[in-house]
Amino acid sequence: MIVKRAMRRAGYKDHETVEANNGVEALEIMDSSGVPDVVLCDWNMPEMTGIALLQEVNERGYKPELFGFITSEGTPMMREKAREAGANFLLGKPFTPEALRMLLDPVLG
């Protein structure tokens, strides 16, 4: 809900959003509906962590234009692990709609 609200405040009201409760559900959605342009993912999720989701997305050859983490944690080790796995960004909570817009505008702007 926080991310959806921030997206609206950042000016992305007309973009379709699909929410998954965990990484397993996100993969099921991608398998059945296709890969979205942007994936905004939490790091800590039940059933499959965000980094495990990104690794599986890579293994399946799925290519979202942006894959980023929005998380309450953001240690240097997490940032490095995300970068190595191919994430475009790791945005720490709390964040502003402006910060989100800077990251998403190259694809959604």
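Before anything else, a definition for my own use: I count two strands as paired if DSSP finds at least two bridges between them. I also note that this is a predicted model.

**The sheet**

I looked up the strands and found three of them in an open sheet, ordered S1-S2-S3, with parallel pairing. Which strands stand at the edges? They are S1 (38–41) and S3 (89–92); each has a single partner strand, so one side of each has no neighbour in the sheet. I checked the twist too, and it averages 20° from one strand to the next.

Next I zoomed in on one pair. S2 (residues 66–71) runs parallel to S3, and four bridges link them. I picked out Phe69 and found it opposite Leu90 in S3.

**Helix H3**

Then I turned to what packs on the sheet. Helix H3 (residues 50–59) does, touching S1 and S2. I noted its direction as well: it makes about 175° with that of S2.

Which residues of H3 are buried? I got Gly50, Ile51, Leu53, Leu54 and Val57. My cut-off for buried is under 20% relative accessible area. Looking down the axis of H3, I see these buried residues fall within an arc of 155°, so they line one face of the helix.

What covers them? My list includes helix H2 (23–33), S1, S2 and helix H4 (76–85).

Last entry: I followed the chain past H3 and came to Gly61, where phi is positive, near 80°.

Conventions:
Residues are numbered from 1 along each chain as its sequence is written. This is a predicted model: local features need pLDDT of at least 70, side-chain atom pairs count only at pLDDT 80 or more; totals for chains, interfaces and linings use all residues. Side-chain values use heavy atoms; hydrogens and water are left out. Helices (H or I, at least four residues) and strands (E, at least two) are DSSP runs, numbered from the N terminus. Axes are lines fitted to C-alpha atoms, for helices over the stretch in contact, and angles run from 0 to 180 degrees between N-to-C directions. Contact means heavy atoms within 4.5 Å. Buried means under 20% relative accessible area, exposed over 50%, partly exposed in between (1.4 Å probe, protein chains only). The arc is that of the directions from the helix axis to the C-beta atoms.
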